[in-house]
Amino acid sequence: MDRARRRWCSAFAVALAAPRIALAREPLRIGVTAVILDDQVSFLEEWRQYLGRKLGREVRFVQRGSYRGINDLLRDGKIDFAWVCGAPYVRHAAFMKLLAVPVYQGRPLYRSYLIVPSDDGATRSLLDLRGRVFAYSDPESNSGYLYVQSALLALHERPKAFFGRTFFTWTHRNVVEAVRSRLAHGGTVDGYVWDTLAKLHPEIARGTRVVAQSPDFGFPPFVAHRDVPAAEFETMRAVLVGMAEDAAGARLLARLNLDGFIPGEPALFAGIARMAREVDGG
């Protein structure tokens with residue numbers, strides 16, 4: 001090959017590589033729904049800066065008001081990572097990969113709480129709420145929707161006909177507020193959220209009473225889009241798992257009322273997958 005041809009081939013190779021190099025430096029995009037903190041804007045900004053320092057790359061949080069909004073962004077490749085619920089994770093495994101699982105009170109597990117107003121001393125179980133007003137958090141939520149559907153089916157009830165009226169609040173905190181203010185006679189909420197509200201805002205949690213708790217489920221996980229490169233996947237996982245080991249990361253975890261993150265295993269979500277199959281009719 002003559003010298004001119006070699007120079008042309010080298011220039012062509014550089015031109016082909018340039019878009020990939022530019023793409024590699026695009027910000028990493030992380031999808032989240034509402035967090036439970038009052039100062040969520042400042043918290044996410046602090047977390048964004050922390051992750052950016054650790055990753056050596058710009059990070060952007062992308063917020064949506066529902067799990068479906070985050071699911072759609074992840075499916076379409078418009079975000080790279082997301083903090084989702086266990087139900088979307090098991091239902092959309094075609095485009096989600098398990099990245100990391102939060103650890104809460106020493107375990108990567110949580111429960112769904114059935115709550116009623118604190119001055120309601122008569123309600124003892126889900127069956128006592130037949131024909132009444134019930135608050136769900138999100139149709140894609142495990143603790144705030146799927147678990148109740150599964151529990152009613154196990155009781156040989158028809159979920160769509162059991163309550164007098166239902167509505168979605170779109171956050172777990174709003175379920176607590178709806179029950180506390182008697183907009184609903186009952187609701188189901190992420191137990192971690194209720195516990196954290198009881199710690200940070202006891203005046204809110206005190207307005208409700210926990211009637212029953214579900215079995216343990218895998219804690220809402222961090223996931224990656226299936227096409228995230230392996231190196232980026234492993235680096236992000238290492239940063240999340242390492243948060244508990246440095247002072248700045250530990251402070252952020254404390255604000256979330258979490259112990260840390262572990263890589264986790266899909267088996268943690270087997271119970272949610274089983275309920276999803278039963279409720280979805282599959």
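Predicted model: local features only at pLDDT ≥ 70, side-chain atom pairs only at ≥ 80, totals over all residues.
Most residues other than glycine have a negative phi. Q105 is not glycine, yet its phi is positive, near 50°. With a relative accessible area of 59%, Q105 is exposed, since the word exposed applies over 50%.

A second residue of this kind is N257, in the loop between α11 and β13 (260-262). Its phi is also positive in a residue other than glycine, near 60°. N257 has a relative accessible area of 17% and is therefore buried, the limit for buried being under 20%. Glycine G77, which follows α3, has a positive phi near 70°.

The overall composition can now be set out. The protein has 282 residues, of which 49% count as buried. Its secondary structure comes to twelve helices and 13 strands. Among contacts between residues at least 6 apart in sequence, 79% join residues at least 24 apart.

In soluble globular proteins, nonpolar side chains tend to be buried together. The largest nonpolar core of this model has 70 residues, and W47, L51, F222 and L240 touch the most other members. Helix α2 (residues 40-55) gives the most to this core, namely six residues. If residues up to four places away in sequence are not counted, L240 touches W47, L51, L99, A100, F222 and F261. There is also a second, separate core of twelve residues, which includes L126, F134, V148 and A151.

Helix packing comes next. Two packed helices are described by the angle between their axes and the distance between the axes. For α2 and helix α11 (residues 247-256), the axes come within 11 Å and cross at roughly 150°. The limit for roughly antiparallel is an angle over 145 degrees, so α2 and α11 are roughly antiparallel to each other. The crossing of α2 past α11 is left-handed. On the α2 side the contact involves S42, F43, E46, W47 and Y50, and these meet A248, G249, L252, R255 and L256 of α11. Sorted by class, the residues of this contact between α2 and α11 are six nonpolar, two polar and two charged.

Helix α5 (residues 142-154) and helix α12 (residues 270-280) form another pair, with axes that come within 9 Å and cross at roughly 60°. That angle makes α5 oblique to α12. Here too the crossing is left-handed, with α5 passing α12. From α5 the contact takes N142, L146, Y147, Q149, S150 and L153, and from α12 it takes I272, M275, A276, E278 and V279. The contact of α5 with α12 has seven nonpolar, three polar and one charged residues by class.

In the pair of helix α7 (residues 172-180) and helix α8 (residues 191-200), the axes come within 9 Å and cross at roughly 65°. Roughly perpendicular covers 65 to 115 degrees, so α7 and α8 are roughly perpendicular to each other. The crossing of α7 and α8 is right-handed. The residues that meet are H172, R173 and V176 in α7 and V193, W194 and L197 in α8. They divide into four nonpolar, one polar and one charged.

Beyond α7, the loop between α7 and β9 (186-190) holds H185. At 25% relative accessibility, H185 counts as partly exposed. The C-alpha atoms of H185 and V116 are separated by 6.0 Å, although the two residues are 69 residues apart along the chain. Not counting residues up to four places away in sequence, H185 touches I115, V116, P117, D120, L129, R132 and V133.

With neighbours within four places in sequence left aside, N71 is in contact with V84, P88, H92, F95, M96 and E140.

Methods
Residues numbered from 1 in each chain as written. Heavy atoms only, no water. Axes fitted to C-alpha atoms, helices over the stretch in contact; angles between N-to-C directions. Helix = DSSP H or I, 4+ residues; strand = E, 2+ residues; numbered from the N terminus. Parallel < 35°, antiparallel > 145°, perpendicular 65-115°, else oblique. Left-handed = near helix turned anticlockwise from the far one by under 90°. Contact = heavy atoms within 4.5 Å. Nonpolar A, V, L, I, M, F, W, Y, C, P; charged D, E, K, R; others polar. Core = buried A, V, L, I, M, F, W, Y, C linked by side-chain atoms within 4.5 Å. Buried < 20%, exposed > 50% of the residue type's maximum accessible area, 1.4 Å probe, protein only.
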